[in-house]
There are 2 protein chains.
Amino acid sequence: MKLLIVGGVAGGASAATRARRLSEDAEIILIERGPDVSFANCGLPYYVGGEIAERNKLLVTTPNQLRTRFKLDVRTQSSVESIDRATKKIRIKDLTSGREYDESYDKLILAPGAAPLRPSLPGIDLPGIFTLRNLQDVDRIKDRVDRGVQQVALVGAGFIGLELVENFVKRGVATTVIELSDQVLPPFDKEMTTPLAQELAAKGVTLMLGESAEAFEQTSTGLTVRLKSGRTVSAQLVILGIGVRPENTLATNAGLEIGGRGGVRVDKQMRTSDPDIYAVGDVIEVNDSVTGSPTQVPLAGPANRQGRIAADNVFGRTAQYRGTQGTAILGLFDQTAAMTGASEKLLKKATQPYRKIYVHPAHHAGYYPGAKAMTLKLLFDPKTGRLLGAQAVGAAGVDKRIDVLAVAIQAGMTVFDLEEMELCYSPQYGSAKDPVNMAGFVAAGLLRGDHPQLDIESVLTTPVEQRPFLIDVRTAQEFSSGAIPGAINIPVDELRGRLNELPRDRQIAVYCQVGQRGYLATRILLQHGYSAANIGGGYKTFKLFDLSAH
Amino acid sequence: MKLLIVGGVAGGASAATRARRLSEDAEIILIERGPDVSFANCGLPYYVGGEIAERNKLLVTTPNQLRTRFKLDVRTQSSVESIDRATKKIRIKDLTSGREYDESYDKLILAPGAAPLRPSLPGIDLPGIFTLRNLQDVDRIKDRVDRGVQQVALVGAGFIGLELVENFVKRGVATTVIELSDQVLPPFDKEMTTPLAQELAAKGVTLMLGESAEAFEQTSTGLTVRLKSGRTVSAQLVILGIGVRPENTLATNAGLEIGGRGGVRVDKQMRTSDPDIYAVGDVIEVNDSVTGSPTQVPLAGPANRQGRIAADNVFGRTAQYRGTQGTAILGLFDQTAAMTGASEKLLKKATQPYRKIYVHPAHHAGYYPGAKAMTLKLLFDPKTGRLLGAQAVGAAGVDKRIDVLAVAIQAGMTVFDLEEMELCYSPQYGSAKDPVNMAGFVAAGLLRGDHPQLDIESVLTTPVEQRPFLIDVRTAQEFSSGAIPGAINIPVDELRGRLNELPRDRQIAVYCQVGQRGYLATRILLQHGYSAANIGGGYKTFKLFDLSAH
C-alpha cells in the first residue's frame, strides 16, 4: 500500500498517524505546502494576545517527530499541483527548489483545508491587511502588534474574529469590528448574542453591525476602511475574518464531485467520487447530523475524526462518519457562548417544525458563592420532543451544559430524557436540578400541555390591540425597574386573590423574570378556567430580544 | 384529593410544589419534624468553613414562602407517629405543644429521609460527638469551631466527611480522618482515590485507614477516641460520618414492605406495597440503573426527581422512575473526584463481566496555559462495549466529563459512540480530541483487538518468573526517574531498530507514561509478529495502584 496524504494539519496528520498504526509496512507520504505540520490553529489568536507565550507551544508535532515516531515520509514546503486519476499519480512541486516531480499512489487522502476569504476589493492588497490561517500569518500580525499598532479593524465577527478581538484588547489596541449581518457570531441565533455584544461594548470595542468593507485606502497614519454606509474606520492593521472557502482547486481540476458550497463530496467512508481518493477536513462537504442537509463545518474535532475514518477505510475497515453536529464554543472576555446541533434560523430555513424554550439558571447552586447566570436555549421537535439544537451563553458552566446536550443530540434523546438526567451535584459544581434538567422540565411541560408557552417574538410582532392580556407576576419592585410594555403587575403570590381582575374572554399571557413564577401563575390561571400561557424565559428573554433590536 | 406529605426537605418539598402545580384545589399538608423545610443540606459543610457566610443562604425556601406561593398547609416541628392504613389516617405529634392528633389522607407520600448512623459505642453520648444532618447540627458544629476547637476527628471518609475535612482545615483546625476501609471515599475504586489521599496529606490531614473507633473517653482537654488497633486520637470535636440508615420506622410499623438494606420498597411509580402510600428520597430502596440490583443512594438530585414523579402519579399521571445511576461528585481542596454508574468493585461483586481503561489527559489543550491532568477510568461491557461506569479525578474539568459520561450511560451508549462525540473545543475549554474521545479511542481499540491491553494488577499479581517481558517505551530520562520493577527501557522511537533484542516466544508487555506511546509500540510489535499488549494507562496508572498499596 502506497498512501499519499495531501495536507498535514488536523485531518491529514490524524490520517497519517492512524494509517501507520494500522500498517507498519505501508509507504505513507505526507505532503504539506507550509513549513509546519499539525500546528494548533485554534491557538493562534491567543499567541497574538500573549496568553500563549511561546511560539513552539503551537507546534503540536514537528515533521521530524512524525518521521521518527511514525516512520512517515513528510514533505513540507511541497505543493501538490495536480492529480492524474487515470495513472494514479500526483504532481508535486518542491517550493524551496521549484523542482516538480510525480508520485504514484494506491490511495490518496486530500486534506488541504480551507483558505480565508479575501474579496477583490479596491486596496485589498495594501500592506497591513491580513487573514489568519497559519503560523506565518500569526507572525505577521503579532509583529505589528508588538511594534505598537494603535488601531485594528476586524472585518467579520465570527469565531476567529472575536477571539482576535479579545486578544487585541488585551494588548491595548483600539479595536473596531465590522460585521455584515445584524449580529455577532452569525452561526448563533441573534438574541443569544446580545450578551456578547454587551461584553464587547463593556470592553471598549466599537461594533459596527450591518456594515461591510467596500475599499481600503492608504493614509499617512495607516489605512482607512471605507464601509458600504459611507462611514470610514481608521486602522493600522486590518484582519479579514469573513469566512473560509474549501481549497478545492486540486479536486475540481481532477474532476472530483464538488458540492454546492464548494466542498468536495464524500460518502460516509470519506471517499470522493473516485474510490481511490478520500477527502477529509475543511475541504469537504459534510451532512448536518440534525437536518441531514449538506453543509461546510470547518472545525478541528470533526477533521481529526474524519482523518481517522479515512485511514481506517483505506486499510479495508468500514468505519463510517456520522455527520457533523456543529458543536462550537467561543470564549470572549468573561463570557462563553457555545452551541450544538441546529440553530433556530437554520430550522426556519429548512422549514423544519420546532419549538423552543429559554431558561436562565445559575451555573451552580445559588446558595454557594460565585454562582453565575447563564441563558440556555433549547430547540426540539414539537411532536416527539427530540432535541434539535442548543445554545448557551454565560460566564461559567456553559461548555459543560452544551457538551451534555451534544451527547443527548448524538443519542437521539428527547426533552423528556433531560428531565431524568442524573448529573454531578455538589454546590460548587451544579444544582440538584441542573440547568439541563431545568430546560428539560420546561420543554417537557410545554409538550405535555401543562405549560402553554408564548414566544416573546410572537407577542411583540402582534398588533397591540390583538395582544394577550399581559400580566407581570414579579414583585412590584422588579416591575418598577423595567417591564414589557403593556403589562400590568400582579405578583404571583397575590394572583389567587386577584383573579376577579382578569378577563375571562381573552387570552392571558404571564411572565416573570426567568419563567418559573410565570409557570406557576399559568398553572393557577389554567386551573381556574382562564386561557393562559407563559412567556418563555420571562423578562430576561424579552431583554435579549429587545437589546438585540437596537 | 387530600394529600399528606411526611418530610419537607428535598423529595418532600419537590412533591408538594409539584402537587400544587398539578392541582389548585387539592388539600396538601406538608409535615416536617424539624423547624426548616427544603434547606440546602449539601451546603452544610461549607457553612462550617465560612465559604457560605450567611446561614439564611442555606434556606432554599421557608414554610411561609411555601404557604403563600403554593397554598400548602406546612406544619413544622411536627412528628408523624404512626400510620393507620385501614382507616387511612396518620397520627401527628406537635413537638412544641406535645399535642397529638389524627389527619386523614387520600394519598400519602413518605419522605422522611435517612439518619446518620450513631453506633452504640462506649462514650458515644459524650458532649462534642456530633453527626451532621440539618441546620441544628451545623449550628452546634460551627459554634465549637468558632469557639476555637483545636483538633477534630472525623470518623468516616465518605462524601460529607471529606467535605467537612476541607472546611475544618480552612478554619485552621488540626484534622484526623478515621476510615474503616483501606481507602477514602469508599464508593470509588481504590486506585482512583490515591490523588485524594495525597491531597489530604499535602494539606496536613492525618489519615488513618483500616481503622475504626471503638470507644470515646472524656479527658481534661476534650475527648480521646480509642481505635480498634489500640491507637488513640485526641480531639475536642468528633464528627461521625459513617453512613446513614433510612428513617424506616414509620413504614416498618405500618407494615410496608422494606428491602434488605432497610429502604422502603417502591415500584417505578414510587408506590409502596400500599397503593395509597408513596415513598421518595433517602428512605427508599432504588434500583441501580446499570446493574439492576437494589441499592440505597442518598442523593438530592434523585430525591427531587422521585418527589416529582410521586406527585405526578398521585394525580393520575403515569410517570416512571428510571433508577439511579449514582452520579456523585466531591470537591476536596484542589482536587475533584466524580463518578457515575457502576464501580469496578460493584461489578466484581455482581460478577458482571467488564473491561476497563484508564486515560490521563489534560483537561484542555496542552498548548494553552493552565492545563491540568486528570485520570479518567471507564468500565464497559467486554462484548458490546456498552458503558457501565466512569470515574475521574483531577484538578479541573472532571465534572464536565463525568456529566457527559452520565448521559452516555443513560442513553445506553457504547465506547464506540464516545469516539464519535462532538464536544466543545476551543483551547481554554477542551481539546480537538476531548478526554472523553480519548477514552473512547482506547476502549474501542481494545474491543476491536487493535490494542490488546493488560491491566497492571494482573501483571503485578503474577509471579515474577511468569510475568511478560516488560518494556518501558518512554525516554531514558523518564525511565531513570522511576519505572515498573523488572522493566527494560527501549524508547518507542528506537523500537523498530531494536526488535532483535526482543523474545519471539514470550508475551511482551509495553508501557509508557499514560498509554499513548505504549499503544503505538504495541501496534509496531503486533505487526512484526510479536505477542504484545499495552499496560493500560501506563506508568501513571501503575503509580495510582502502587501508592494506594502503601
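Author: The crossing of α1(A) and α8(A) is right-handed; a crossing counts as left-handed if the near helix is turned anticlockwise from the far one by less than a right angle, and as right-handed if clockwise. Helices (H or I, at least four residues) and strands (E, at least two) are DSSP runs, numbered from the N terminus. The model is predicted: local features need pLDDT of at least 70, side-chain atom pairs count only at pLDDT 80 or more, and totals for chains, interfaces and linings use all residues. Residues are numbered from 1 along each chain as its sequence is written, with chains lettered from A and ligands numbered from 1 in the order in which they are written.

Reader: At roughly what angle do α1 and α8 of chain A cross?

Author: Helix α1 spans residues 10–22 of chain A and helix α8 spans residues 300–314. Axes are lines fitted to C-alpha atoms, for helices over the stretch in contact, and angles run from 0 to 180 degrees between N-to-C directions. The two axes come within 7 Å, and they cross at roughly 35 degrees.

Reader: How do the residues of the contact of α1(A) with α8(A) divide by class?

Author: Two residues are in contact if their C-beta atoms, placed from the backbone, lie within 7 Å. Residues of α1(A), including A:Gly12, A:Ser14 and A:Arg18, meet residues of α8(A), including A:Asn304, A:Gly307 and A:Arg308. Ala, Val, Leu, Ile, Met, Phe, Trp, Tyr, Cys and Pro count as nonpolar, Asp, Glu, Lys and Arg as charged, and the others, Gly among them, as polar. The division is nine nonpolar, six polar and two charged.

Reader: Which hand has the crossing of α1(B) and α8(B), left or right?

Author: In chain B, the axes of α1(B) and α8(B) come within 7 Å and cross at roughly 35 degrees. Their contact has nine nonpolar, six polar and two charged residues. α1(B) passes α8(B) in a crossing that is right-handed.

Reader: Which element gives the largest share of the side of chain B that touches chain A?

Author: The chain contact joins 64 residues of chain B to 64 residues of chain A. Elements of chain B that each supply at least two residues include α1, α8, α10 and α16. The largest share is nine residues, and it comes from α10(B).

Reader: Are α10(A) and α10(B) roughly parallel or roughly antiparallel?

Author: The axes of α10(A), residues 398–410, and α10(B) come within 9 Å and cross at roughly 20 degrees. Angles under 35 degrees count as roughly parallel, over 145 as roughly antiparallel, 65 to 115 as roughly perpendicular and the rest as oblique. So α10(A) and α10(B) are roughly parallel.

Reader: How many charged residues has the contact of α10(A) with α10(B)?

Author: A:Asp399, A:Lys400 and A:Asp403 are among the residues of α10(A) that meet α10(B), where B:Asp399, B:Lys400 and B:Asp403 are among the partners. The contact also has six nonpolar and no polar residues.
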